Protein chains: 2
Amino acid sequence: MTTAAKPRPADRVPDCVDCPIRHRAVCARCETDELQELEQIKYYRSYPAGQTVVWAGDRMDFVASVVSGIATLSQTMEDGRTQMVGLLLPSDFIGRPGRDDATYDVVATSDLVVCCFRKRPFETLMARTPHIGQRLLEMTLDELDAAREWMLLLGRKTAREKIASLIAIIARRDASLRPTGAAREVVFDLPLTREAMADYLGLTLETVSRQVSALRKEGVIRLEGTRRVTIPDFERLLAETGDDSDGGFLV
Amino acid sequence: MTTAAKPRPADRVPDCVDCPIRHRAVCARCETDELQELEQIKYYRSYPAGQTVVWAGDRMDFVASVVSGIATLSQTMEDGRTQMVGLLLPSDFIGRPGRDDATYDVVATSDLVVCCFRKRPFETLMARTPHIGQRLLEMTLDELDAAREWMLLLGRKTAREKIASLIAIIARRDASLRPTGAAREVVFDLPLTREAMADYLGLTLETVSRQVSALRKEGVIRLEGTRRVTIPDFERLLAETGDDSDGGFLV
DNA sequence: CGAATACTTGAGATTATTCAAAAAGCGTGG
DNA sequence: CCACGCTTTTTGAATAATCTCAAGTATTCG
């Protein structure tokens, strides 16, 4: 089902001080001495696109931060229906302190680099210093808000609104990571296949395809190939999401 | 739309030591001296069934624990579509430290008693002692798991599976709060109207009604009136939920 | 270039919704 | 205790949205 390449220990592991996600990840609030303790128990791993990082139910002896790339969290029912329950971007946290088994499948959607911490030492460190737990609480509260926003999408939005919402969210995130100011035209690549989009949105891939095509035909978006999206008028796209018109633009 | 009775300050506010939710709420890990600090900033409020505790977007100057009764968290779209994103039971936490405005509507579904803490002092206390933050992190992680389980339900389950899942969850919770051991027949009252069930499940109330009737006609559940449910065979109900057959019975 | 994967499109079936009306349940006052 | 009005729930019929199955086309990778 998925490729089977092994995770590769990365060749060089950068110092925390030079880390690109230093200010957003679970370690964001750590003092220098705390960082040094983290350095002791951390190691990098790389996964090629498509590879599974952990399977739901598997024992997990580490927690980790996404350094670069994208991973997905998903759940699968006995008969194969799957629902994505989270999209992990750089600085996002993988795993749950205090829990030994993975609750969800974690899959690398692009080439992925993660900064792992051995779980027991991490838990010990967490108990000793409040900074990690404080930051993790903030991040978890944010994720909970995101999950609840997604519940509204899954439960109440139409297929068209779901697609528009997903594109808007990816576009926004992309804009926030990018140096540029407020470009009139937003251009970016979808990091997900149609099937992954379907799993995220609670749709079939055919419905995703049809709705993407519909938005394209109506000029809400433009496509180069199947992945590269141009949004000529962001307001127009937002109007298709079903969300409040005011709600947090360019957060 | 909702009744407009004022929240009533409760007459007597029990000591934390005697509190029924003491061991599960956000204060669960607090030492005696920390409890004393909490006593200083706490006050009780009561809301009659149907009343709104806070509206999304309103300023909230307190956080709170549910002491008794049930409340719902929900989101409403401009055109009135609403999605429930959480069910708050005794010991559950309301509000988010560090945030001034409510993100969701909170509505008392039954008569409700909450233990409020003024927000600023609570935040200060949190910063000073790690016990509250630690417990809040645990609770938030549990809520995140619950939200993600709900995402699977909303995105991938059929109407029938949704209803069966909701009934099973309420039955389980009810069993866990009840003194009895493993009774063969489970009997309990649905704490939600058909409309509230629909809002929780991402369905219309008519579909809820139809599926409840279908389960009744097929003997999966029995009904006395519209609220009182008997489950003659819990395994049979679980088989209708679409979940793994093994997954956490009577957790 | 060829095979494999990803995507699109069509037609028909299915599921859930919408609109409408009737029945059941609930609380109040006579 | 019962009648009345109100809310909640049930049920029906028609409609709309999405899914399923089935090709066919485009894209990617070796």
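In the predicted model, a phosphate oxygen of DNA strand D lies 3.3 Å from an N or O atom in the side chain of Thr204(A); a polar contact is here a pair of N or O atoms within 3.5 Å, and within protein one atom must be able to donate a hydrogen and the other to accept it, with residues adjacent in sequence counted only if both atoms are side-chain atoms. The elements that give two or more residues to the surface near DNA strand D are H6 of chain A and H6 of chain B, and H6(B) supplies the largest share, 5 residues. Helices (H or I, at least four residues) and strands (E, at least two) are DSSP runs numbered from the N terminus.

DNA strand D is surrounded by 17 residues, of which Ala159(A), Thr207(A), Arg210(A), Arg194(B) and Ser209(B) are the closest; a residue is near a molecule or strand if one of its heavy atoms lies within 4 Å of it. By class, this surface holds 3 nonpolar, 8 polar and 6 charged residues. Ala, Val, Leu, Ile, Met, Phe, Trp, Tyr, Cys and Pro count as nonpolar, Asp, Glu, Lys and Arg as charged, and the others, Gly among them, as polar. Sugar or phosphate contributes 61% of the atoms of DNA strand D within 4 Å of the protein, and bases contribute the rest.

Around DNA strand C there are also 17 residues, and those that come nearest are Arg194(A), Ser209(A), Ser213(A), Ala159(B) and Thr207(B). Of the atoms of DNA strand C within 4 Å of the protein, 58% belong to sugar and phosphate. Phosphate oxygens of DNA strand C lie 2.8 Å from a polar side-chain atom of Ser213(A) and 3.2 Å from an N or O atom in the side chain of Arg227(A). A base nitrogen of DNA strand C is 3.2 Å from a polar side-chain atom of Glu206(B). Helix H6 (205-217) of chain A and helix H6 (205-217) of chain B each give two or more residues to this surface, and the largest share, 5 residues, comes from H6(A).

Chain A contains an open sheet of 4 strands in the order E3-E8-E5-E6 with antiparallel pairing; two strands pair if DSSP finds at least two bridges between them. Strand E3 (52-54) and strand E6 (82-88) of chain A each have a single partner strand, so one side of each is left without a neighbour in the sheet. E3(A) is joined by 2 bridges to strand E8 (residues 105-108) of chain A, with Thr52(A) opposite Val107(A).

In chain B, an open sheet of 4 strands likewise has the order E3-E8-E5-E6 and antiparallel pairing. Strand E5 (residues 71-76) of chain B pairs with E6(B) over 6 bridges, and Ala71(B) stands opposite Leu88(B).

Chain A has an average pLDDT of 91, with 90% of the residues scoring at least 70; pLDDT is the predictor's confidence in each residue, from 0 to 100.

Residues are numbered from 1 along each chain as its sequence is written, chains are lettered from A and ligands numbered from 1 in the order in which they are written. Side-chain values use heavy atoms, without hydrogens and water, and in this predicted model local features need pLDDT of at least 70, side-chain atom pairs count only at pLDDT 80 or more, and totals for chains, interfaces and linings use all residues.
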